[in-house]
Amino acid sequence: MVRFRVALAVGLVAAWLAASPARVWAADDGTIKGKVIFKGDKDKYKRTVLDTSKDPNCKKSKDKIGNYEVVLNTKGDPITVRNVLVSIKNDFAGKTFTAPTEPKTLTQHGCEYDPHVLGLVEGQGLKVLNGDDTNHNIHFLPKKNEEHNFSQPKKDAETGKELKLVAEAEPFKIKCDVHPWMGAWIGVYKHPFFAVTGEDGTFEIKNLPPGKYTVEAWHETFGKLTAEVEARPGSVSEQDFTFEPK
């Protein structure tokens with residue numbers, strides 16, 4: 001009887017494992033993390049308040065809107081840069097990656113885009129939402145994808161379908177034809193190995209198979225920096241980037 005129960009238990013576990021989805025990431029995958037540093041005259045890049053007086057509805061949800069071309073974290077040392085898109089540039093030849101089923105959302109709130117920079121895996125859905133009580137026009141300016149151009153005249157309006165984008169060599173811009181100060185950037189990749197620096201200017205790219213990679217830090221004003229980094233099994237490799245605008 002005991003042997004029968006043990007055999008039954010083993011059989012049930014084996015059946016459960018067979019029915020379970022395969023684990024995507026291995027335990028010996030590596031992580032690359034770091035920060036994006038600014039060196040230079042920070043006063044030259046002070047955020048200015050944008051003139052939104054042409055649409056009084058914008059001030060209803062947000063009194064002041066600052067420009068987003070350069071956003072520095074000046075509270076810490078070193079000074080770091082926000083909204084930098086950090087990605088792996090290797091082509092991962094022979095490997096394919098399944099796009100996440102959960103779409104990402106680009107929201108228009110206070111007559112600005114949130115987030116200002118975002119990354120997508122090729123085939124991942126993108127929703128665009130109007131959170132303002134005013135008309136917005138969403139205009140994609142890609143080189144490879146379709147040039148979407150549609151209006152959202154009412155609050156809580158949402159794209160009728162999830163947009164599915166293909167990989168682009170460079171991030172592309174989105175603008176609002178109604179509010180010319182509004183802009184955002186989207187990077188689309190064939191893999192999930194990318195990150196956007198937040199308020200503290202740091203990034204982290206997880207689940208990388210061990211190997212040597214070219215890592216790129218892209219910023220809409222400062223341009224691009226690259227570094228060669230090795231992802232080691234089950235460990236964290238650190239790599240900082242420093243923008244020094246002249």
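Modeller: Let's start with Asp 156, which counts as exposed because its relative accessibility is 57%, and the cut-off for exposed is over 50%. Keep in mind that we're looking at a predicted model. Asp 156 sits in the loop between strand E10 (149-152) and strand E11 (163-164). What makes this residue worth a stop is its backbone: Asp 156 has a positive phi of about 70°, even though it isn't a glycine. Here's the background: most residues other than glycine have a negative phi, and most peptide bonds are trans.

Asn 207 gives you another case to look at. This residue isn't a glycine either, and its phi is positive at about 60°. Asn 207 is found in strand E15 (residues 202-208), while Asp 156 lies in a loop. As for the surface, Asn 207 counts as partly exposed, at 30% relative accessibility.

While we're on the backbone, have a look at two peptide bonds. The one from Asp 77 to Pro 78 is cis, with omega near 10°, and Pro 78 belongs to the loop between strand E2 (72-73) and strand E3 (80-81). The one from Asp 114 to Pro 115 is cis too, with omega near 5°. You'll find Pro 115 in the loop between strand E6 (113-114) and E7.

Lys 164 forms a salt bridge with Glu 162, and their closest N and O atoms are 3.9 Å apart. The general idea is simple: side chains of opposite charge can pair when their charged atoms come close. Lys 164 is exposed, with a relative accessible area of 53%, whereas Glu 162 is partly exposed at 32%.

In total, the structure holds 9 salt bridges. Another one joins the side chains of Asp 177 and Lys 175, at 3.7 Å from N to O. Both partners are partly exposed: Asp 177 has a relative accessible area of 40%, and Lys 175 comes in at 31%.

Glu 122 lies in the loop between strand E7 (117-121) and strand E8 (125-130), and Lys 190 in the loop between strand E13 (183-189) and strand E14 (194-196), so the pair ties together parts that are 68 residues apart in sequence. Glu 122 is partly exposed at 28%, while Lys 190 counts as exposed at 51%.

Strand E13 leads us to one last stop, the largest pocket. Strand E12 (172-176) and E13 are the elements that give two or more residues to its lining. About 250 Å³ of space lies in this pocket. Its lining is made of 20 residues, and those nearest the centre are Glu 69, His 116, Trp 181, Met 182 and Gly 183. Sorted by class, the lining has 11 nonpolar, 4 polar and 5 charged residues.

Definitions and conventions:
Residues numbered from 1 in each chain as written. Predicted model: local features only at pLDDT ≥ 70, side-chain atom pairs only at ≥ 80, totals over all residues. Heavy atoms only, no water. Salt bridge = Lys/Arg side-chain N within 4 Å of Asp/Glu carboxyl O. Helix = DSSP H or I, 4+ residues; strand = E, 2+ residues; numbered from the N terminus. Buried < 20%, exposed > 50% of the residue type's maximum accessible area, 1.4 Å probe, protein only. 1 Å grid on protein atoms, 1.4 Å probe; cavity = no way out; pocket = protein on both sides within 12 Å on 5 of 7 lines; lining within 4 Å. Points joined across faces, edges and corners; volume = space filled by probe spheres on them. Nonpolar A, V, L, I, M, F, W, Y, C, P; charged D, E, K, R; others polar.
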